[in-house]
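I'm going through this one piece by piece and jotting down what I look up. Sequence and structure go here, and the notes follow.

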Amino acid sequence: MSGSSYVPAIETRALRKRFAGRWAVGGIDLLVEPKAIYGFLGRNGSGKTTAIRLILGLLRPTDGGVKVFGYDVASRRLEAARQVGALLEARATYDHLTGHENLDLTRRLLGLPASEIGRVLEAVEMSHDARRKVGHYSLGMRQRIGLARAMLGEPRLLILDEPMNGLDPDGMREMRNTIRSLPDRTGATVFLSSHLLSEVQQTATHIGLMHEGRLIVQGAVSDLLQLATPDLLIRTNDSDKTMQILAGSDYRATRTGESVHVRMGGDRSEIGTVARLLVNAGLELRELTPQAATVESLYVHVQQSKMAAA
Amino acid sequence: MLVALITEFRKLKGSLVTVLCLVAPSLVAVLVGLIALQRPNMHWEFVLTGATGLWSFFVLPMSVTALSVLLAQIEHAPRAWDHLLALPIRRWKLFAAKAVVIMTLVAIMSLLLAAELRLVGELLAMLAPTFAPRGAYDWSLAARILGSMWLASFFMGMIQLWVALRFRSFVAPLTIGLAGTFISVAAFNAKEAMFVPWAMPVSIVGAQGVNAAPALLMGSIGGLATLLLMLAHLSRREA
């Protein structure tokens with residue numbers, strides 16, 4: 001471990017992993033600041049889970065390396081693992097045991113005092129249901145018990161793989177609030193993966209975007225979301241004419257029934273430009289709705305901005 | 001290591017493992033009781049040899065197969081390996097704990113069988129005295145035979161556990177267990193049986209006991225070697 005005061009929570013160097021002749025992770029340089037909430041974004045199959053398994057030492061890299069708080073995962077796995085609590089799979093609990101008993105198994109393996117269970121149960125608001133068998137829990141409750149288990153021993157880094165998967169809106173809101181409060185309450189760094197940009201942008205302070213095994217971009221949420229200008233949904237009194245006008249401009253438009261989708265560039269002022277273009281052509285605007293940005297739109301915008309910069 | 005072991009035993013609470021440990025030796029004891037009702041006044045030594053023969057011939061290998069599958073599926077079914085292997089604990093300890101648990105459970109089942117046979121004898125003496133076994137129940141003989149069978153089953157137990165832990169599906173360990181038991185039945189009384197891990201416990205009482213010593217030796221040495229290989233392999237394997 002280095003002697004300097006600043007040590008990244010996670011640092012990977014040209015991390016690569018090859019499976020069956022295909023690069024699942026194709027050389028990524030992750031940098032996660034301490035006490036950040038890092039949203040690790042990407043579509044399903046983009047390499048997020050493989051990267052997480054490499055960080056946890058569950059897989060060996062084909063190339064490159066991983067450090068967790070300065071500890072090299074390959075050569076000092078135990079020290080690196082002591083810094084980490086992980087929620088990888090919501091169902092990874094023993095159904096025939098209670099929530100309390102499930103936590104107790106991990107607590108014993110970590111050599112922690114019994115009081116630790118009460119602390120983490122309270123943190124995820126599961127104290128009342130802890131004596132019920134996990135087999136009778138809802139998915140949301142399982143996720144929370146999984147999170148509680150990851151929090152045992154107050155690890156400096158929490159790695160959460162798709163923590164909102166399968167949750168209902170209430171469950172998602174609760175989980176989001178719990179995750180958001182973690183750095184302030186426990187001082188932990190949170191690294192959470194997701195395929196939903198909307199979910200991550202409400203929780204994370206930083207984002208890394210994976211695409212086909214590569215880390216396309218990473219940085220502060222505020223900086224990256226500027227790139228993801230929402231597309232526009234437009235309805236007018238004449239969809240054919242709307243398409244004609246947009247085709248004559250620089251905007252790319254597609255039509256679905258009476259709705260026209262316009263792909264926007266990186267500048268939000270373009271929304272007004274499009275509106276003026278259509279109104280000046282004599283069209284009656286009936287709807288002009290910015291669409292929620294998605295991982296795909298962020299990816300497209302990042303690629304566009306890179307091409308423009310080149 | 002002790003912590004990993006305690007954790008493994010605590011996982012068994014309320015699982016099918018407990019049921020299996022109670023039912024398997026009880027089946028043998030009940031069957032022996034029914035046989036005794038057909039053949040009055042058998043000598044205890046004959047009853048013990050017959051009961052342990054039945055135990056080692058079929059119930060023990062099938063119980064080891066079922067135990068290995070259940071112990072492995074406790075982790076495979078909920079995909080709990082990732083959680084366990086990411087913990088700051090040496091991985092070999094997790095797998096070694098499983099090995100100790102399976103052999104401890106076989107030992108407990110063997111003890112239960114010895115006690116239940118004695119109980120069946122007592123019940124026959126009370127309810128149908130003419131069918132009760134003759135002579136005194138020889139605890140030392142029961143301990144010697146069942147203890148030897150336990151040690152001889154070490155090799156089979158480690159092979160079964162290795163396969164069960166290696167493969168997420170229960171089909172592989174089940175197939176191997178069934179095939180091993182079948183070979184053991186087919187090779188019964190043959191001198192070559194002592195080379196088949198599933199037949200080693202049978203060799204303690206089979207073929208007039210001539211294969212007992214080699215079966216014990218190979219069962220224990222083979223078991224230890226397989227255990228070490230299993231720990232080395234599973235600890236290094238990617239999860």
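First, a cut-off I need: I call a residue buried if 20 or more other C-beta atoms lie within 10 Å of its own, exposed if 12 or fewer, and partly exposed in between. I also keep in mind that this is a predicted model.

**Entry: a glycine in chain B**

I looked up G53(B), which lies in helix α3 (residues 44-76) of chain B. Is G53(B) buried or exposed, or in between? I find 19 other C-beta atoms within 10 Å, so G53(B) is partly exposed. I also checked G53(B) against I145(B): they are 92 residues apart in sequence, yet their C-alpha atoms are 9.5 Å apart in space.

Next I traced an open sheet of four strands in chain A, with the order β13-β14-β12-β15 and antiparallel pairing. Which strands stand at the edges? They are β13 (252-256) and β15 (285-290) of chain A; each has a single partner strand, so one side of each is left without a neighbour in the sheet. Neighbouring strands here are turned by 20 degrees against each other on average, direction ignored.

I then followed β12 (residues 232-236) of chain A, which pairs with β15(A) in the antiparallel sense over five bridges. With β14(A), β12(A) pairs over three bridges, again antiparallel. I234(A) stands opposite L288(A) in β15(A), and I234(A) also stands opposite V260(A) in β14(A). As for L233(A), I see T289(A) of β15(A) opposite.

What covers what? Side chains in a regular strand alternate between the two faces of the sheet. On β12(A), I list L232(A), I234(A) and T236(A) on the covered face, and L233(A) and R235(A) on the uncovered one.

**Entry: where the chains meet**

How many residues does each chain bring to the contact? I count 22 from chain A and 22 from chain B. On the chain A side, the elements giving two or more residues are α2 (77-82) and α3 (99-110). α3(A) gives the most, with four residues. By type, that side of chain A divides into 13 nonpolar, three polar and six charged residues.

Key:
Residues are numbered from 1 along each chain as its sequence is written. Chains are lettered from A and ligands numbered from 1 in the order in which they are written. This is a predicted model: local features need pLDDT of at least 70, side-chain atom pairs count only at pLDDT 80 or more; totals for chains, interfaces and linings use all residues. Two strands pair if DSSP finds at least two bridges between them. Axes are lines fitted to C-alpha atoms, for helices over the stretch in contact, and angles run from 0 to 180 degrees between N-to-C directions. Two residues are in contact if their C-beta atoms, placed from the backbone, lie within 7 Å. Ala, Val, Leu, Ile, Met, Phe, Trp, Tyr, Cys and Pro count as nonpolar, Asp, Glu, Lys and Arg as charged, and the others, Gly among them, as polar.
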